[in-house]
Amino acid sequence: MNKAWWHNSVVYQIYPKSFQDSDGDGVGNIKGIISRLDYLKDLGINVIWICPIYKSPMVDHGYDISDYYQIDPSFGTMEDMELLLKECKEREIKVLMDLVINHTSDKHPWFEKAMEDLDSDYADYYIIKEGKDGNPPNNWRSIFGGSAWEKIGDTNKYYLHLFTKAQPDLNWENKELRSELYEMVNYWLEKGLGGFRVDAISHIKKDFSYVNLPADGPDGLVDAWEYYKNTTGIEVFLNELKEKTFKIYDSMTVAEADIKEVDRLVDFIGENGCFSTVFDFCHTIYNVNDEKWKDKPIKMVNEIREKLFKKQLGAAKYGFLSNFIENHDLPRCVNRFIPEKEISFYSESMLGTLYFFLRGIPFIYQGQEIGMTDFPKKSINEFLDLATYQNYEKYLGKGLTEKEALKRINIECREHSRTPFQWNSGENAGFTSGAPWFEINPNYKCINMKEQEDRENSLLTYYKRLISLRKNEEYKETFIYGDIIPAFNEYDGIISYERKNAKQRVLVINNCSNKPSIIKFKENVKQILLNNYNDIVLKGKNLELLPYQSIVLELN
Ligand code: NOJ
């Protein structure tokens, strides 16, 4: 395998609206990020991914771009962005921007021109079809709910939007459109970006048969994934994108592409794949049916373990996955994976250890390192995200009462991870001097960065240890390129794996439950590299793991 600079990365994801405000308007911005770079450097990360900061009407919080060449004024100016790149360079931190090229905003000039003249060249930049008997072209459901088609004025034509109707899908079959996108990507790479996280890229190729399918819900619509997700032929577009842009700049590219068939990974992350890496979604709500998991946490752990290792082992043949447990589209990890009464330093640090040494690139989402939690709401009106409302409607449509629907939303909604960062226990958690755009979780009085920064046994200190071990000169070859070998799979609720190369063996053991667990242990321990407790209880051949204990051992 050819080595690349990004192989040795720990990435920190920034949701800019909620990271740090610098001017008191209540919205996080680029200058705010700059003011926190020393914090990030001290944490030990070497790459940041910033969610979209381009000009946008913000219907989907920046994932609806109206001008790819401008910074949204709420985040600052192009000069601020250039300063950020300079300041990051000085600290040896690479910057990934979010690249949203499956769709634009409906306020993008291309779309506005398309709507003005449906026979214009710009109309072919989007996917516009004739309706059938007064209905949309087919019964596809948008990923956020409702029909994926929006009627255009009083014509019989509709445009496709896989997300909100303010995010019309681009027509990648159009060569001029592709050239315009490549030019834009290169404009940003020329500025010195390290690369991109590539949004919704699985959807750029659609199956143009556009037939009606059997409905899968009372709305008469259907989630037609096989017609617009990783569709056959998508590789042609992805390869062209890579050849004309990323490859020229030796970029790091992280695709938001949930590849379920392991062998298909070759096209995405293989030696000649289209991207550097793809996220592994195997443990997320999209892949683990966890409606009732809180009653059966061990069952869920075992299911995740099976999926996780299948993906890890499969991917190792081809390249690197990107591993994460939180992002801006998911609830906070502690609330998702840990029963409420068991949330503690031990369970939180176990979650971090669990995925940090897997083969691939570890990602940390802002606030994860201090254990930020979900912030359930008392009324649906307290939420702000369109996707939340669409899901709420979906549940009502399925017959849930308002109370039941709110309960579901409170469990699974992505807005939990979007509350402002809790920097300290002062006014507005140190996030802004103005009125925050989204309510701050009141638990900032006790959960905040300042309280943990110098505390030896804090989660933040533990994350620093995780990162420093992951990047340690002595072990990094093993953690990056070593084999991954699942261990102790016969024990319920244990997720354990060995990382191994010709020179070294490192064993990671995680007890994912609040019960002690005794495992038969025949290995010879050379040294303890990390432990979220003070002690390790090894009695003869019995290793007695404490509740939520995580240990990382170097073996002889
Ligand atoms: C995936 C992004 O992560 C999500 O936040 C966004 O809403 C959709 N793509 C649409 O761009």
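Me: Before we start, which pLDDT do local features need?
Reply: Residues are numbered from 1 along each chain as its sequence is written, and side-chain values use heavy atoms, with hydrogens and water left out. In this predicted model, totals for chains, interfaces and linings use all residues, side-chain atom pairs count only at pLDDT 80 or more, and local features need pLDDT of at least 70.

Me: How do helix 12 and helix 13 lie, oblique or roughly parallel?
Reply: Helices are DSSP runs (H or I, at least four residues), numbered from the N terminus. Axes are lines fitted to C-alpha atoms over the stretch in contact, with angles from 0 to 180 degrees between N-to-C directions. Helix 12 (residues 386–397) and helix 13 (residues 402–412) have axes that come within 9 Å and cross at roughly 140°. Under 35 degrees counts as roughly parallel, over 145 as roughly antiparallel, 65 to 115 as roughly perpendicular and the rest as oblique, so helix 12 to helix 13 is oblique.

Me: Which residues in helix 5 meet helix 7?
Reply: The axes of helix 5 (residues 175–190) and helix 7 (residues 234–244) come within 10 Å and cross at roughly 40°. That makes helix 5 oblique to helix 7. On the helix 7 side, the contact (heavy atoms within 4.5 Å) takes in Phe237, Glu240, Leu241 and Lys244. Their partners in helix 5 are Arg178, Tyr182 and Asn186.

Terms used: Helix = DSSP H or I, 4+ residues; strand = E, 2+ residues; numbered from the N terminus.
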